[in-house]
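Student: I am new to this structure and would like to learn how to read the surroundings of a ligand. Could we go through it together, one feature at a time?

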Amino acid sequence: MLALLSTSAPAAEEVDQLAIYTPGEERPGGETSHRKPRDRHVFSQPSANMSFADRLSFGLGDSLFDKIWVPSPSSTTASDGLGPLYNARSCDQCHQRDGRGQPKANWPEALATSLFLRLSIPPQTDTQRQQLKRGRIGAIPDPTYGIQLQNRAINGLDAEGHMQITYTESQVSLADGTQVSLRKPTYHISELKYGPLHSQIMLSPRLAPPMLGLGLLEAIPDSAIMALSDPDDLNGDGISGRPNWVWDQQQEQLAIGRFGWKAGNPSVLQQTVSALSHDIGIGTPYQPSPYGDCTVRQTACLAQPEGNTPQQDNSEASAELVELLVFYSRNLAPPVRPDAQQPEVLRGKAIFQRSGCSNCHQPSFETPNEPNLAEQSAQQIWPYTDLLLHDMGEGLADHRPEYSATGREWKTPPLWGIGLTNTVNGHQYFLHDGRARTLLEAILWHGGEAANARQKVINLATSERHALITFLESL
Ligand code: HEC
Ligand code: HEC
């Protein structure tokens with residue numbers, strides 16, 4: 001079922017071979033790939049193979065993604081229930097135009113922030129140790145502040161605090177003499193309003209990732225992901241990816257994590273439900289508390305009005321509303337790559353493979369026949385991810401585990417659409433916290449299992465490096 005390219009770097013004489021165009025690679029999402037204009041709305045297009053009837057649902061999902069939630073009580077019961085604590089008032093405020101968020105160093109400019117801090121503490125009791133070990137929960141929340149720092153609150157309630165970032169620059173020299181400056185962030189929280197954080201608090205900054213092709217990633221068979229897993233590096237390529245096993249709340253079983261920077265979420269549904277709850281403060285039939293991430297210690301938060309209504313399945317947002325959001329998120333289609341056959345792009349592709357990038361950024365998969373998911377069924381896709389966790393070294397470590405992911409591990413992010421980041425979002429901030437300001441900086445942050453690949457890029461001739469970046473920009 002799965003693809004296609006060898007998992008070890010090819011010998012030098014194979015390189016020119018690999019520079020050959022592979023039929024289909026210009027359509028990263030298979031038949032879902034669209035040919036709409038490559039403007040700032042290029043990430044907001046539906047699967048090209050979607051039926052006319054389904055486009056209506058997609059449109060409804062789109063408006064829910066942009067919907068600005070308001071506090072309760074309100075005359076519009078369809079849009080109330082915001083907070084009491086929250087980070088943003090709509091999905092789109094973070095996933096801007098279905099693309100990625102951007103880090104802002106200082107509040108209050110950062111108030112509608114698309115970069116937030118996850119919070120947790122090491123297990124304190126045997127029960128907590130057991131729950132973590134059995135994969136029933138991903139992390140132990142801070143007893144006061146919960147699982148995420150909410151930097152906003154409805155009127156009359158204090159926001160929890162504000163994230164502050166300071167950056168320290170350091171220089172990397174490339175073999176051709178080029179100097180690149182990397183900025184390392186340090187995070188602090190100011191204006192803590194509910195007392196101290198736990199003494200063993202762990203923070204993990206997370207930038208809103210782009211929303212492309214999520215239904216296709218969800219459709220990749222477990223077996224194809226497992227086939228790439230090599231936890232003990234038996235093939236000796238220095239790379240030991242493994243899946244994150246996380247708790248699927250709907251199926252009530254362990255499942256491979258696919259979404260989030262540490263693959264902490266198994267499905268678009270679960271990710272959507274927790275976004276509504278933790279990021280916006282909206283309860284759903286799946287996660288019924290209308291109080292989001294308020295903890296028992298935040299009594300003022302729990303005393304706020306809630307927005308449950310019969311019209312919304314006695315929740316703040318109905319199961320139908322969640323389904324429309326999920327349908328929308330699954331069907332945001334990757335754009336066609338018009339330059340896939342350009343010689344410079346193909347040269348960059350060969351360098352990508354020769355540098356070992358494709359050992360983690362796995363080019364291609366096939367999705368199985370799935371009659372219930374018409375658009376995603378039986379497609380050859382080109383996401384450039386293995387969906388596995390990798391130790392990326394100390395430089396990128398957040399020192400905060402999530403399910404089985406350690407504080408040094410991150411999921412390989414897909415690279416499809418990455419060259420359009422600036423077009424859609426007007427910036428080029430990459431990696432889990434947006435520290436990288438260019439694609440080259442993102443590569444130079446790679447360490448741990450990717451240290452060899454990074455070194456190969458440092459050693460490239462100038463023109464080879466440019467070809468590699470041209471290839472990435474063509475994705
Ligand atoms: C406050 C900012 C914020 C808001 C609001 C927000 N998200 Fe997210 N979203 C994120 C971040 C950050 C991540 C990565 C989370 C992680 O690493 O665990 C994410 C991840 C996701 C993912 C997984 C994407 C991937 O490639 O892994 C989906 C799907 C998603 N969000 C959907 C939604 C939906 C639907 C809404 C609205 C109901 C929403 N989000 C609202 C910040 C936000
Ligand atoms: C060992 C696995 C591994 C290898 C090898 C690897 N990467 Fe990555 N890559 C990752 C992971 C994991 C991340 C996310 C790290 C983070 O956000 O902290 C990442 C992030 C990126 C990003 C930023 C993506 C985004 O959405 O912000 C780019 C660009 C990238 N890699 C390109 C490359 C290139 C080019 C190479 C080869 C020179 C390469 N990678 C080799 C695992 C790998």
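Tutor: Let us begin with the polar contact, which is a pair of N or O atoms within 3.5 Å; within protein, one must be able to donate a hydrogen and the other to accept it, and residues adjacent in sequence count only if both atoms are side-chain atoms. Here, a side-chain N or O atom of H446 lies 2.8 Å from a nitrogen atom of ligand 2, and the side chain of H432 has an N or O atom 2.6 Å from an oxygen atom of ligand 2. This is a predicted model, in which local features need pLDDT of at least 70 and side-chain atom pairs count only at pLDDT 80 or more, while totals for chains, interfaces and linings use all residues. Side-chain values use heavy atoms, without hydrogens and water, residues are numbered from 1 along each chain as its sequence is written, and chains are lettered from A and ligands numbered from 1 in the order in which they are written.

Student: How many residues surround ligand 2, and which are the closest?

Tutor: A residue is near a molecule or strand if one of its heavy atoms lies within 4 Å of it. Ligand 2 is surrounded by 28 residues, with C357, C360, H361, H432 and H446 as the closest.

Student: Which protein atom is a donor to the iron atom of ligand 1?

Tutor: Donors are N, O and S atoms within 2.8 Å of the metal (3.2 Å for Na, K and Ca), and water is not among the atoms, so sites may look incomplete. The single donor from the protein to this iron is NE2 of H95, 2.1 Å away.
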